[in-house]
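This report describes selected surface and backbone features of the structure shown below. Please keep the sequence and the model in view while reading.

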Amino acid sequence: MMAVVLAVLVLVALPAAPDEVRAVDTPNDDGGSITVMWTLSADDAALSAYEVVRVAEDGDEEVVAVLPAGVSRCVDEGMPDGRAFRYRVNAVLGDTLRATSALSEPAVSRAQWFNTRRVNVLVALLLFGALILYFIGTARKGKKLFIRRIAGLDAVEEAVGRATEMGRPILYVPGLAAISQISTIASLNILSEIAKKTATYASDLLVPNRDPIVYTVASEMVKEAYAEVGRPDVFRKESVFFVSEDQFAFAAAVNGIMVREKPATICLIGMFWAESLILAETGATTGAIQIAGTDQISQLPFFVTACDYTLIGEELYAASAYLARDPLLLGSLKGQDWGKLVILLILVVGSGLLLVSGVKGLEFFRAIYEFFSVA
Amino acid sequence: MHVLELLTTVPGIWVWVGALLTLAIFSFLFGDNPLYKVAEHLYVGVSVGYMITIYYWNFFKPDLIDPLFRGGQFIVIIPALLGLCYFAIFIQKLSWAVRIPMGFVLGWGAGVAVPAMLQSYIIRQIQGSLLAPEMLASWDTIVWGIVSFLGVITTVVYFFFSREQKGALKVVANIGIIYIMVGFGASFGYTVMARVSLLIGRLQFLLRDWLGVIS
């Protein structure tokens, strides 16, 4: 009799169970997770927690999450793909009272090939890719593509001439990054053009390197540049050299070169980090003409302050294309320019439409903003 | 006993070494001198030796030697061969082989970087720059919204290379360069503060760890 009374009391005290438990493969992921959703218990406000229980095909049960009241969604991660699991959610009242939901339908975790939330990235990629490929094709057909003159580049010819007159070398630092960095590649293109000029004037060129692979590529490019202008005899293998992979050891060594060799011109072009001001300041004290260029936004202020000419951000790539006159680079730069026009258009037209989305009946223009959301 | 082990038994010996090398590097402020040259050459030499050790223990051994000779994972021979191709640059007849790993690295780098760059540097920036109705909530959000919107437009125009900067384009580009310089000024101040904190760290080392004049 007592046991029956206790059972009735417990049943009366039990909270309402969560309802409509659904388990689905988490969309747009690389597998290994299932998303569980449920309708909150009618007694949600009084609950201490929800327990999410995973039930395997063989009946094994495991509590995978304990969540606070008010939560109706849980992502169960780190599970094997291809196996079916069902879920149950317990509404917990106090420490011991649990109201158990019905089991969900089985769900199987799988990896998706395509993340639908990144359609915008695909659209942008196709648009910019098409523009760049179109202009590369145009440049390859021999059509002249106009690129405006960049201030820092006018100084290159003057700087090489100055070095020749003074009988001093040109110091060219192609940044501290690896060959995979776009700024390093752009810098090596510029180095090649400068090497052609130093070869023509028989000026000395010094190229210290931090990255062993950049060193090998730089060495090869300078050698080719000397051969291209018919002066392979002037090329000195030791003019392109490896220093150290340590950032500040490299900076210390380049500082030493600056004060000992007293170059007439110093080019700091490529990717730089905290050593940028150390190099640029030391170079400034030697009285050399300094031409810098980087796409590292945080280092640009130092170059602008301490150098005579600075290629700011994309000017570095433009300079590389301008000097090299390579159809691939020119077409790519032109394509990017048109990409910028598209961006400007989107900003102006998009902003106008988005502003009117605040008007009743025109809320659908809000979709413009949502389109640029990236998950 | 090994010399280095013996040295570690002398109290504070490495603090003295560190302090004297710090002063030797600082002496560059007065121009090039033998002390700086010693520190510089020591730094370069030690760093190269240290890097070789790091590469061996952190990459070469765990990623190639152990999987190949202990784990029997012959697949690692492929990246090892790709790596060896870099040395082909030193052999005239085989120098073409260096293009294989470079192509691989550049292709992989571009494949990984391009979508990420588009996402963070273009799509998110466009979304952040759009003028939204929420901006009209108060006068200060209207002002700052317009200021930043104009900044984006004029700065993008500055980096347009397909037209000569003349007339109206020049005016807009000049406004863009003002925005850029204001940004550089703020970044300069911020970064200098970080560099000063590095200097403070070195001074603390000298005054506290070495001389013991501050606590």
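Glu20(A) is exposed, with a relative accessible area of 51%; exposed means over 50%, buried under 20%, and partly exposed in between (1.4 Å probe, protein chains only). The model is predicted: local features need pLDDT of at least 70, side-chain atom pairs count only at pLDDT 80 or more, and totals for chains, interfaces and linings use all residues. Residues are numbered from 1 along each chain as its sequence is written, chains are lettered from A and ligands numbered from 1 in the order in which they are written, and side-chain values use heavy atoms, without hydrogens and water.

**Backbone and loops**

Glu20(A) belongs to strand β1 of chain A; strands are DSSP runs (E, at least two residues) and helices likewise (H or I, at least four), numbered from the N terminus. Although Glu20(A) is not a glycine, its phi is positive, at about 50°. Lys262(A), also not a glycine, has a positive phi near 45°. Lys262(A) sits in the loop between α6 (247–261) and β12 (265–269) of chain A and is partly exposed at 39%.

Pro18(A) is placed in the loop between α1 (2–13) and β1 (19–25) of chain A, and is buried, with 4% relative accessibility. Its C-alpha atom is separated by 53 Å from that of Gln296(A), 278 residues apart along the chain.

| Cys267(A) | Cys307(A) | 9.7 Å |

Cys267(A) is buried at 2% relative accessible area, and Cys307(A) is buried at 9%.

**Surface patches**

Patches consist of residues with over 30% relative accessible area and no salt bridge, with like charges joined within 9 Å and nonpolar side chains (Val, Leu, Ile, Met, Phe, Trp, Tyr) within 5 Å. A salt bridge is a side-chain nitrogen of Lys or Arg within 4 Å of a carboxyl oxygen of Asp or Glu.

Arg73(A), Arg117(A), Arg118(A) and Arg124(B) form a positive patch. Arg124(B) lies in helix α5 (residues 99–129) of chain B and is partly exposed at 40%.

A nonpolar patch of about 1100 Å² includes Phe74(B), Leu81(B) and Trp96(B). Helix α4 (residues 77–85) of chain B gives the most to this patch, with 3 residues. Phe74(B) lies in the loop between α3 (34–70) and α4 of chain B and is exposed at 57%.

Key:
Accessible areas come from the Shrake-Rupley method with a 1.4 Å probe; for residues, only the protein chains shown count as cover. Lys and Arg count as positive and Asp and Glu as negative; His and the chain ends are not counted. The place of a charge is taken as NZ of Lys, CZ of Arg, CG of Asp or CD of Glu. A disulfide is a pair of cysteine sulfur atoms within 2.5 Å.
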